[in-house]
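The following exercises concern the geometry of one protein chain. Each sets a task and then works through the solution step by step.

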Amino acid sequence: MIKNTLLFLVLIQTIVLSQNLDSLYNKLLGLKPKLNIKVKSVQTINTKPEKCGFGLIGEIKTHLKEFSLEQQQTIQQILSRPIMQTSLVSPSGFFRIHYDTTGNNKPEYDINELAVAFDSSYNYEVNILSYLAPPKDGSNGGDDKYDVYVEDLRGGDYGATTSDESLGNNKHTSYINLDNSFSTNEGYNSFGISAAQVTAAHEFHHAIQIGNYIFNQSDTYYHELTSTAMEETVYDNVNDYYAYIRSYFNTTSKSFTKQSGYNLALWNIYLHERFDGNTGDEIIKRSWELMATPHNNSAAVAIAKSIEEFGYSFKSEFNKFGIWIYFTNNRTKENIYFEEAKNYPLLKSTTTTTLEPTNMPLTIGSNPISINYNRFLDNSEGLPDTLIAILSNSDVNSTSSIDYKLTVATNTFDGATEINENYFSKIEGNSVDYISDSYIVNNELASDFVESTEIEYAYPQPFSYQSLLSIPTFTDISGKAQLNVYTSDMNLVYSDVKNIAHSGNIVVKWNGLNANNNKLASGVYIYVTKADDKIKKGKIVILNE
């Protein structure tokens with residue numbers, strides 16, 4: 001019986017793998033339909049066009065040896081560099097643009113303008129943002145210039161970046177294919193040279209990513225997120241990304257890592273617009289550097305670590321991002337949130353609940369790196385109020401969802417936090433360390449967002465057991481810090497791991513009780529906190545009267 005069960009499971013896995021390979025194979029065949037390659041028909045699983053062929057090609061190359069020999073030969077033919085009729089070198093001298101002057105591949109836009117678009121992308125991404133330029137490819141393509149091939153791609157596919165020679169450590173030389181028309185009848189969202197410009201910015205950053213940082217198939221969403229946001233950074237006037245963000249506005253409760261990436265461009269645009277100067281762009285670049293370290297950080301961990309390195313909290317920033325993407329379309333607050341917010345879609349609430357005691361607490365399922373928008377309708381005072389609870393999960397280390405409970409009420413209750421003078425809330429559960437909350441009442445933020453500040457002192461002092469003691473610490477992506485408290489002669493009286501609070505100051509909260517839950521004698525004590533392998537220490541005065 002056990003043998004039969006194992007055989008059945010292996011058979012099912014084999015069938016699923018075969019179907020997935022056939023699906024990938026069909027998508028690749030659709031990328032260049034004019035090649036007229038003769039192949040046996042295969043089962044079509046999903047051949048929906050995508051904006052960029054980068055992820056598809058990367059996945060196929062990763063699993064190349066799992067395809068049949070006949071399929072491998074066809075794949076190699078499709079992914080080989082095309083032979084074009086002529087070429088030109090961009091004004092900067094960095095790019096060689098290959099194209100045909102006759103036939104199906106002939107460009108329908110000005111090839112010289114395309115060359116300028118690639119030079120502009122290089123200037124912004126390398127000279128201004130300080131990314132490393134893609135490595136030279138030797139004599140591939142005729143010389144060591146970066147090669148771009150203009151040809152007839154499948155309608156709906158703007159371009160693709162294909163890895164070429166391996167440089168070790170998941171880095172590769174590469175070349176780019178671009179569609180030759182971007183015509184109005186092929187499913188594009190932008191057309192002609194405008195589409196070519198944003199595609200140049202998009203694909204060139206893929207070349208940067210895999211040439212100097214890393215290619216990680218499991219993080220394809222972040223490859224696409226970064227490249228799609230780069231379109232807006234380099235060519236602010238085109239806005240092709242508008243067509244993709246709607247799906248995120250409808251699925252914010254889905255984990256970042258499960259999204260396509262095209263629809264997440266607003267995350268990097270948020271970082272770009274959120275901070276003064278170049279800080280946001282530097283945070284983004286640092287995340288790529290962290291992904292390429294020997295630690296092999298996932299994209300999610302690298303994002304959080306990068307934000308922490310710049311002195312901010314990913315937990316806080318992710319929740320604030322949730323506020324920004326709420327105030328779009330007809331909710332736009334001019335000059336406060338996204339610069340182009342009025343052109344974005346409206347968010348879809350995760351749940352809608354009448355604010356009544358019988359409906360509380362509300363049980364919420366939360367995926368890692370996701371945001372729930374829970375809408376409450378209050379009809380208790382005549383004219384209805386609408387309260388939105390923005391609940392973000394900043395857990396970058398887990399792939400599992402958690403359940404917690406949210407209670408919202410019009411009167412205070414045990415353990416409640418005041419939202420405003422009319423509403424109170426409480427979040428409870430066994431795994432809520434990564435949950436942050438903010439609230440919007442009748443389309444107005446219930447309280448101004450408070451920046452997290454690093455401090456060097458504990459407060460209030462002297463401490464007299466009338467409140468909680470706030471003790472400074474550093475930020476950490478785990479959301480936790482180690483707290484040790486010693487007498488003046490260095491006898492340990494308290495030790496525990498505490499949640500880090502980011503409401504104004506970066507601190508841990510302590511009630512002043514020792515390990516046996518007894519008050520301490522009056523005197524001077526020494527605290528030591530440790531987070532992200534960094535230590536803060538100082539003195540506190542306790543008055544036990």
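Predicted model: local features only at pLDDT ≥ 70, side-chain atom pairs only at ≥ 80, totals over all residues.

**Exercise 1. The chain as a whole**

Task: Characterise the chain by its secondary structure, its burial, its contacts and its accessible surface.

Solution. 
Step 1. The secondary structure comprises 11 helices and 20 strands.
Step 2. The chain has 545 residues, of which 53% count as buried.
Step 3. Consider contacts between residues at least 6 apart in sequence: 64% of these join residues at least 24 apart.

**Exercise 2. Salt bridges around Arg 81**

Task: Describe the salt bridges that Arg 81 forms with Asp 147 and with Asp 164, and name the network to which these residues belong.

Solution. 
Step 1. The search of the whole structure returns 16 salt bridges.
Step 2. In one of them, Arg 81 meets Asp 147 with an N to O distance of 2.8 Å. Arg 81 lies in the loop between α3 (69-79) and β1 (86-89), whereas Asp 147 belongs to strand β3 (residues 146-151); the pair therefore ties together parts 66 residues apart in sequence.
Step 3. Burial is assigned under 20% relative accessible area. Arg 81, at 19%, therefore counts as buried, and Asp 147, at 0%, is likewise buried.
Step 4. Arg 81 also forms a salt bridge with Asp 164, where the closest N and O atoms are 2.7 Å apart. Asp 164 lies in strand β4 (residues 159-168), so this pair ties together parts 83 residues apart in sequence.
Step 5. Asp 164 is partly exposed, its relative accessible area being 24%.
Step 6. Through shared partners, salt bridges join Arg 81, Asp 137, Asp 147 and Asp 164 into one network.

**Exercise 3. A salt bridge at the cut-off**

Task: Explain why Lys 426 and Glu 428 qualify as a salt bridge, and classify the accessibility of each residue.

Solution. 
Step 1. The N to O distance between the two side chains is 4.0 Å. The criterion is a separation within 4 Å, so the pair qualifies.
Step 2. Lys 426 counts as partly exposed at 23% relative accessibility.
Step 3. Glu 428 counts as partly exposed at 33%.

**Exercise 4. Aromatic pairs and charges over rings**

Task: Describe the aromatic pair of Tyr 244 and Tyr 262 and that of Tyr 457 and Tyr 459, then locate the charges over Tyr 158 and Tyr 326.

Solution. 
Step 1. The count of aromatic pairs comes to 44.
Step 2. Tyr 244 and Tyr 262 form a tilted pair, with 5.8 Å between centres and 50 degrees between planes.
Step 3. Tyr 244 is in helix α7 (residues 242-249) and Tyr 262 in the loop between α7 and α8 (265-274), 18 residues apart. Both residues are buried.
Step 4. Tyr 457 and Tyr 459 also form a tilted pair, at 6.0 Å centre to centre and 50 degrees between the planes. Tyr 457 is partly exposed at 47%, and Tyr 459 is partly exposed at 27%.
Step 5. Lys 51 lies over the face of Tyr 158, 4.1 Å from the ring centre. The charged end of Arg 331 sits over the ring of Tyr 326, at 4.2 Å from its centre.

**Exercise 5. The surroundings of Phe 327**

Task: Determine whether Phe 327 is buried or exposed, and list the residues it touches beyond four places in sequence.

Solution. 
Step 1. Phe 327 is placed in the loop between α11 (314-324) and β6 (351-354).
Step 2. Its relative accessibility is 1%, so Phe 327 counts as buried.
Step 3. Phe 327 touches Thr 332, Lys 333, Tyr 337, Ala 341, Ile 440, Asn 443, Glu 444 and Leu 445.
Step 4. Phe 327 and Glu 444 are 117 residues apart along the chain, and their C-alpha atoms are separated by 9.3 Å.

Terms used:
Residues numbered from 1 in each chain as written. Heavy atoms only, no water. Phe/Tyr/Trp six-rings, centres within 6.5 Å; stacked < 30°, edge-to-face > 60°. Helix = DSSP H or I, 4+ residues; strand = E, 2+ residues; numbered from the N terminus. Buried < 20%, exposed > 50% of the residue type's maximum accessible area, 1.4 Å probe, protein only. Lys NZ or Arg CZ within 6 Å of the ring centre and 35° of its normal. Contact = heavy atoms within 4.5 Å. Areas by Shrake-Rupley, 256 points an atom, 1.4 Å probe, with all protein chains shown as cover.
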